[in-house]
Amino acid sequence: MLSPNEEVPILSVTQLTNAIKFTLESGFSNVWLQGEISNCKLHTSGHLYFSLKDSNAQIGAVMYRNDAAALQTLPKDGTQVLVRGEINVDPPSGKYQILVRKLKLIGVGELLLKLEELKLK
């Protein structure tokens, strides 16, 4: 049976989400990630939206217009990249993503190579 305990505070969803937002955004304000681009879309606003993934996990990513405009080449699905940015939490949805400030193309991603190998079989 679930019952409130005086030793454990009862939080609202907003309070918990704001605490998570503060913890993640202050703890991951400058991170480098390496991964493979998927679902890459350049919005009419100039913002670049994509997922960054490896073989076991993925994170949503956004690169705002000013940072995306500095790219010499836009990334494509399957491209292996190195990105620098900060974690951002959106309280209404409770989702987190990385705000990408810099992006460096590394090469073709392993996940894309595996997919191509499967197609050949």
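This report describes the nonpolar core and the salt bridges of a predicted model.

## The nonpolar core

The largest nonpolar core has 17 residues, and those that touch the most other members are L48, F50, M63, V83, I98, V100 and L103. Two or more residues of this core come from each of the elements β1 (31–42), β2 (48–53), β3 (58–63), β4 (79–90) and β5 (95–108).

L48 shows what such contacts look like in detail: when its neighbours within four places in sequence are left aside, L48 is in contact with C40, K41, L42, A61, V62, M63, A68, L71, L74 and P75.

Side chains of opposite charge can pair when their charged atoms come close, and the structure holds three salt bridges. One of them joins the side chains of K21 and E25, at 2.8 Å from N to O. Both K21 and E25 belong to helix α1 (residues 13–27), where they sit four residues apart, about one turn of the helix. K21 is partly exposed, with a relative accessible area of 22%, and E25 is also partly exposed, at 23% relative accessibility.

The side chains of R101 and D67 form a salt bridge of 3.4 Å, N to O. Because R101 lies in strand β5 and D67 in helix α2 (residues 65–68), this pair ties together parts that are 34 residues apart in sequence.

R101 also meets E86 in a salt bridge, with 2.6 Å from N to O. This pair links distant parts of the chain, since E86 is in strand β4 and R101 in strand β5, 15 residues apart. Through shared partners, the salt bridges join D67, E86 and R101 into one network.

Key
Residues are numbered from 1 along each chain as its sequence is written. This is a predicted model: local features need pLDDT of at least 70, side-chain atom pairs count only at pLDDT 80 or more; totals for chains, interfaces and linings use all residues. Side-chain values use heavy atoms; hydrogens and water are left out. A nonpolar core is a set of buried Ala, Val, Leu, Ile, Met, Phe, Trp, Tyr and Cys residues joined through side-chain atoms within 4.5 Å. Buried means under 20% relative accessible area, exposed over 50%, partly exposed in between (1.4 Å probe, protein chains only). Contact means heavy atoms within 4.5 Å. A salt bridge is a side-chain nitrogen of Lys or Arg within 4 Å of a carboxyl oxygen of Asp or Glu.
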